[in-house]
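Please look at the sequence and the model shown here, and work through the questions that follow one at a time.

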Amino acid sequence: MNTFNQPRAQLALFIIIALLCLLPVISSPVALILGFTLASIGWAPDQRLLAKLTKKLLAFSIVGLGFGIQLDNAITVSLENLPLIIGSIIFTLILGVILTRLLKLDSKTGYLIASGTAICGGSAIAAVSPAIKANSEQAAVALATVFILNSIALFLFPAIGHALSMTQHEFGVWSAIAIHDTSSVVGAASAYGNEALTTATTIKLARALWIIPIALASAMLFSGDKKKITIPYFIGFYCLTIAIAYWLPQGAPFYEVAFSVSKRLLVVCLFLIGAGITLKKMKATGAKPLVLGLLLWLAIGTSSLAYILY
């Protein structure tokens, strides 16, 4: 009698590969490809379960990264790049509205893609979506668009950074501004170096704080519901871990371990994100949302690069 249970075997393989992503032998891009491959052949768990798990694991990972950030450096980097952060958000949102009309794309879908590009990818879309009363299909299209471009960024940005001989600080700033989602920002920056990682994480989360005012403004613009705005709580805990590391320096050995573990957990997050991207989703997204996302990405990527380098 054959007792082989295929679904259980597939789940076991999925879990084993996820655990292998904790090891240094698997890089962020490889983890993403592994997840995408398993999803494409139908070996990934339920998408809703993956989404919840990814969200929680990403939050824990980012909080842990706070132990590796120096408080005085975080304040300096955030203040130095405040004009770039604010300018890039406003520029992307305005351009998004214009391009949405030119492409004759659904206004809410276009606005969600612009919000995800302007602030912090999936987190911004999740926060703005209920505020503007977007339906599940509009949110799904925006999320798929952002995640696809995020995946490309993970491979493309480090290659461009090395080709242009960017310093770790320059690359950290650029990736934080030009890559949508926090997970991909951290993945690309960590591949570039530790200084790039700390710079990118600090600026990215300073940029993510703009979710709150943008979501409120969006609710007024679309006559939505301000009470349904969701705020990513992990940003506050991230700031708390930075403060703990600053106020209690005697815990340095623990902080180093927590920082290292958090970096590996982010690789697992990218594996899970890859498992949520399938060929079916990519086809269902259609051309117009991807065109909008790509144009916005090119605009913010090239303009911020020129600002940083010149």
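Q: How far is the sulfur of C21 from the closest cysteine sulfur?
A: In this predicted model, a disulfide requires two cysteine sulfur atoms within 2.5 Å, and by this rule the count comes to 0 disulfides. C21 itself is buried, with a relative accessible area of 0%. The closest cysteine sulfur to that of C21 belongs to C269, and it is too far away for a bond, at a distance of 10 Å.

Q: Is C239 buried, partly exposed or exposed?
A: The count of disulfides is 0. C239 is in no disulfide, since the nearest cysteine sulfur, that of C120, is 13 Å away, whereas a bond would need the two sulfur atoms within 2.5 Å. Buried means under 20% relative accessible area and exposed means over 50%, so C239, with a relative accessible area of 43%, counts as partly exposed.

Q: How are the ring planes of F67 and F254 arranged in their aromatic pair?
A: The structure holds 8 aromatic pairs, and in the one formed by F67 and F254 the centres are 5.6 Å apart, with 75 degrees between the planes. F67 lies in the loop between helix 3 (47–65) and helix 4 (71–80) while F254 lies in helix 14, so this pair ties together parts that are 187 residues apart in sequence. F67 is buried at 17% relative accessibility, whereas F254 is exposed at 52%. Because planes over 60 degrees apart count as edge-to-face, the arrangement of F67 and F254 is edge-to-face.

Q: Which kind of aromatic pair do F157 and W174 form?
A: The centres of the F157 and W174 rings are 4.2 Å apart and their planes lie at 25 degrees. F157 is in helix 8 and W174 in helix 9, 17 residues apart, and both residues are buried, with 3% relative accessibility for F157 and 3% for W174. Planes under 30 degrees apart count as stacked, so the pair of F157 and W174 is stacked.

Q: Which helices each supply at least two residues of the lining of the largest cavity?
A: The structure holds 1 cavity of 30 Å³ or more, and the largest cavity has about 40 Å³ of space. Its lining is made up of S28, S183, V186, G187, S190, K263, L266, V267 and L270, which divide into 4 nonpolar, 4 polar and 1 charged. The helices that each supply at least two of the lining residues are helix 10 (182–192) and helix 14 (252–274).

Q: Where is K104, a residue with a positive phi although it is not a glycine?
A: Most residues other than glycine have a negative phi. The place of K104 is the loop between helix 5 (82–102) and helix 6 (107–118).

Notes. Residues numbered from 1 in each chain as written. Predicted model: local features only at pLDDT ≥ 70, side-chain atom pairs only at ≥ 80, totals over all residues. Heavy atoms only, no water. Helix = DSSP H or I, 4+ residues; strand = E, 2+ residues; numbered from the N terminus. 1 Å grid on protein atoms, 1.4 Å probe; cavity = no way out; pocket = protein on both sides within 12 Å on 5 of 7 lines; lining within 4 Å. Points joined across faces, edges and corners; volume = space filled by probe spheres on them. Nonpolar A, V, L, I, M, F, W, Y, C, P; charged D, E, K, R; others polar. Buried < 20%, exposed > 50% of the residue type's maximum accessible area, 1.4 Å probe, protein only. Phe/Tyr/Trp six-rings, centres within 6.5 Å; stacked < 30°, edge-to-face > 60°.
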